[in-house]
Structures are given as structure tokens and as C-alpha cells.
Amino acid sequence: EALAIAMGSIVDPGDEIILFEPFYPYHKSIALLAGAVVKTVRLGDDGAVPFDALRAQLGPRTKLVVVNTPSNPSGKVWTRNELEQLSKVLYGSSTLVVTDEIYEDLVYGTTPHVPPATIPGLFERTITISGLSKAYSITGWRIGWIAAPEVYARAIGPVFDVLCVCAPRPAPP
């Protein structure tokens, strides 16, 4: 819901969205529903981000890059260094970053979760999406949030209000 609202608020038909493969299928479906042209960048077999391939996909119509960390389905956790590289690649462009961080509390291995919005150069362009459902085993409750710079929050807020009006009660009395 949050991703659909964020994309629907800031993507115009014909805008481009970049997804990193493998990606969660709903990310592509939501982008297509928003009228976007989906471009992809395939991660290396080791999960490395091919920044040259990302640069090649960026263009004047690129509105969003979707960063799913930790990733579903691959489990890839973006490193601080990779996020700093992303900041450098996007520097000077108007491309935004939308993050899906729903698995942020479920990291296995030695790479810690680093929220992209904490990286210099990404904060002002990042729309963060996360929630409680995965970490707290309450997937049916759909309790989550969007955090964004004010200019994007003002665009997202009215769309959210129209589509969600109020949250359902998660359990009967």
C-alpha cells in the first residue's frame, strides 16, 4: 500500500523507474500501474551492485530508483559503501530513491542494515517505507509507515488520505 501510494503520488506516466534484479514482483507491478517504464539493473551473482550498469540506465525521465534492503527475494543487504556509491551516481540528478525496508530487523550475516536516508546526499531524495508486519509476525495487520522529506510527504499525504481513510481494527474485540 505504501509503495503504491508513494509511486502514485510522484510518478507520471512515462517516467522511468529502475529496479534491481532480482526484485519483488509487486515492485514492478506497482510501477506499471503508476504508468512508469520499468528499467532493470541485474545484481552480480555475489549481490554486488553494477554501478556502471545503473549509470547506463539513468536518463532524463528516470524518476525513481527502488532500493529493497534487505531484499526480498535475494536477501541482499546494501552496504554503507554501496549506498554512498549510489549517492555519488545520483548526484546532480533529480532521481529519487524509494526504499522498501520492511525486512530491516531481519538481517542474517555480518552486513548490518543501513537505512539509505542516513547517507549524505540520499536523505533529501529518499522516501523510506517500512513497517512492523515482518519483524513482529503480524503480516495481516499491515502496520507501516512512509518517511520522506517534506516536499514529498506533502504530495504523498493527500493520496494516502484518500486511499486509506482509516486503518482497520487488527483483531476483533
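A: **The cavity and the salt bridges**

The largest cavity in this predicted model has a volume of about 90 Å³. A search of the whole structure finds one cavity of 30 Å³ or more. Its lining is made up of 14 residues, and F20, P22, V66, N68 and S71 are those nearest the centre. Two elements, β1 (16-21) and β3 (62-68), each give two or more residues to this lining. β3 gives the most, with three residues. By type, the lining holds nine nonpolar residues, four polar and one charged.

The structure also holds six salt bridges. In one of them, the side chains of R61 and D15 meet at 3.1 Å, N to O. This pair links distant parts of the chain, 46 residues apart: R61 sits in the loop between α3 (51-57) and β3, and D15 in the loop between α1 (2-10) and β1. R61 is partly exposed, at 40% relative accessible area, whereas D15 is buried, at 6%. D15 and R61 also belong to a network of salt bridges with K63.

Another salt bridge joins D52 and R55, at 3.0 Å, N to O. Both residues lie in helix α3, three residues apart, which is about one turn of the helix. D52 is exposed, with a relative accessibility of 61%, and R55 is partly exposed, with 42%.

E82 and K76 form a further salt bridge, their closest N and O atoms being 2.8 Å apart. E82 counts as buried because its relative accessible area of 11% is under 20%. K76 is buried too, at 11% relative accessibility.

How values were computed. Residues numbered from 1 in each chain as written. Predicted model: local features only at pLDDT ≥ 70, side-chain atom pairs only at ≥ 80, totals over all residues. Heavy atoms only, no water. 1 Å grid on protein atoms, 1.4 Å probe; cavity = no way out; pocket = protein on both sides within 12 Å on 5 of 7 lines; lining within 4 Å. Points joined across faces, edges and corners; volume = space filled by probe spheres on them. Helix = DSSP H or I, 4+ residues; strand = E, 2+ residues; numbered from the N terminus. Nonpolar A, V, L, I, M, F, W, Y, C, P; charged D, E, K, R; others polar. Salt bridge = Lys/Arg side-chain N within 4 Å of Asp/Glu carboxyl O. Buried < 20%, exposed > 50% of the residue type's maximum accessible area, 1.4 Å probe, protein only.
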